[in-house]
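This briefing covers pockets, helix packing and backbone geometry, grouped by topic. Please read it alongside the sequence and the structure shown here.

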Amino acid sequence: DALPIYMTTLAIVSGAIVSEQNAAIRTVSLNTSGNGSPQTITTGTDGIYSFSFPVGENDTIRPSKNNDVSVSNGLTTLDILLIQRHILNTVLLSSPYKMIAADVNLSGTITTLDILLIRAMILGNTTSFPNGRLWNFVPSDFVFANPANPFPFNNYKYYAGVVPQSNQNFIGVKLG
């Protein structure tokens, strides 16, 4: 048996999935796509993930989460009130992540339709928002062109020519 002439060097890309308040988010599924074979992992209670890619590959990491035990998971009529105030321009939502959470139909705007969809979720008339999504994720290093209007935003990390990297974190945003 001859030994291979070359050895593939692997790059470890790792990070954490956390809330805006920096709390770990568990059971987030992360999928890769690109030059190599697709990979999927799920975060544990610490929210940490790690992938190995051949150095120099082009790959994308995209998190998703639709496995909440309770679909409404903390949604209340207070959320509706806060979104109403934002729409009426009386008290604006205080961060781009809160605005992303308010856009439950992923239209890129916050409207009364989002309020109707949240109300249906609170009442138990539906188990998911349009597109089957309950969460959105934003790379923690993403720079919003206008934080007062965070749309559009990236919900993935793309690596052109992968090299080892840590702290490749995402901010998880529970819709609603």
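This is a predicted model: local features need pLDDT of at least 70, side-chain atom pairs count only at pLDDT 80 or more; totals for chains, interfaces and linings use all residues.

Helices, counted as H or I runs of at least four residues, and strands, counted as E runs of at least two, are DSSP runs numbered from the N terminus. In those terms, Leu106 is found in the loop between H2 and H3.

- The largest pocket has a volume of about 510 Å³, and its lining comprises 25 residues, with Asp79, Lys98, Ala101, Lys174 and Gly176 lying nearest its centre.
- Two or more residues of that lining are given by each of helix H1 (77-87), helix H2 (96-102) and strand S8 (170-174).
- By class, the lining of the largest pocket divides into 13 nonpolar, 7 polar and 5 charged residues.
- The second largest pocket has a volume of about 150 Å³, and of the 10 residues that line it, Arg26, Thr27, Lys65, Asp68 and Asn73 are the closest to its centre.
- The lining of the second largest pocket is made up of 3 nonpolar, 4 polar and 3 charged residues.

**Packing of H1 with H3**

- H1 packs with helix H3 (residues 112-122) at an angle of about 175°, and their axes are 10 Å apart.
- Because angles over 145 degrees count as roughly antiparallel, H1 is roughly antiparallel to H3.
- On the H1 side the contact is made by Thr77, Ile80, Ile83, Gln84 and Ile87, while H3 contributes Thr112, Ile115, Ile118, Arg119 and Ile122.
- The residues of this contact divide into 6 nonpolar, 3 polar and 1 charged.

**Backbone geometry**

- Most residues other than glycine have a negative phi, and most peptide bonds are trans, which is the background for the sites that follow.
- The peptide bond from Phe151 to Pro152 is cis, with omega near -10°, and Pro152 is found in the loop between strand S6 (135-139) and strand S7 (157-159).
- Asn89, in the loop between H1 and H2, has a positive phi, near 65°, although this residue is not a glycine.
- With a relative accessible area of 57%, Asn89 is exposed, because exposed means over 50%.
- Leu106, likewise a residue other than glycine, has a positive phi near 55°.
- Leu106 counts as partly exposed at 27% relative accessibility, because this class lies between the buried limit of under 20% and the exposed limit of over 50%.

Terms used
Residues are numbered from 1 along each chain as its sequence is written. Side-chain values use heavy atoms; hydrogens and water are left out. On a 1 Å grid over the protein atoms alone, a cavity is a set of points where a 1.4 Å probe fits but cannot get out, and a pocket is an open set with protein on both sides within 12 Å along at least five of seven lines; lining residues have an atom within 4 Å of a point. Grid points are joined across faces, edges and corners, and a volume is the space filled by probe spheres set on the points. Ala, Val, Leu, Ile, Met, Phe, Trp, Tyr, Cys and Pro count as nonpolar, Asp, Glu, Lys and Arg as charged, and the others, Gly among them, as polar. Axes are lines fitted to C-alpha atoms, for helices over the stretch in contact, and angles run from 0 to 180 degrees between N-to-C directions. Angles under 35 degrees count as roughly parallel, over 145 as roughly antiparallel, 65 to 115 as roughly perpendicular and the rest as oblique. Contact means heavy atoms within 4.5 Å. Buried means under 20% relative accessible area, exposed over 50%, partly exposed in between (1.4 Å probe, protein chains only).
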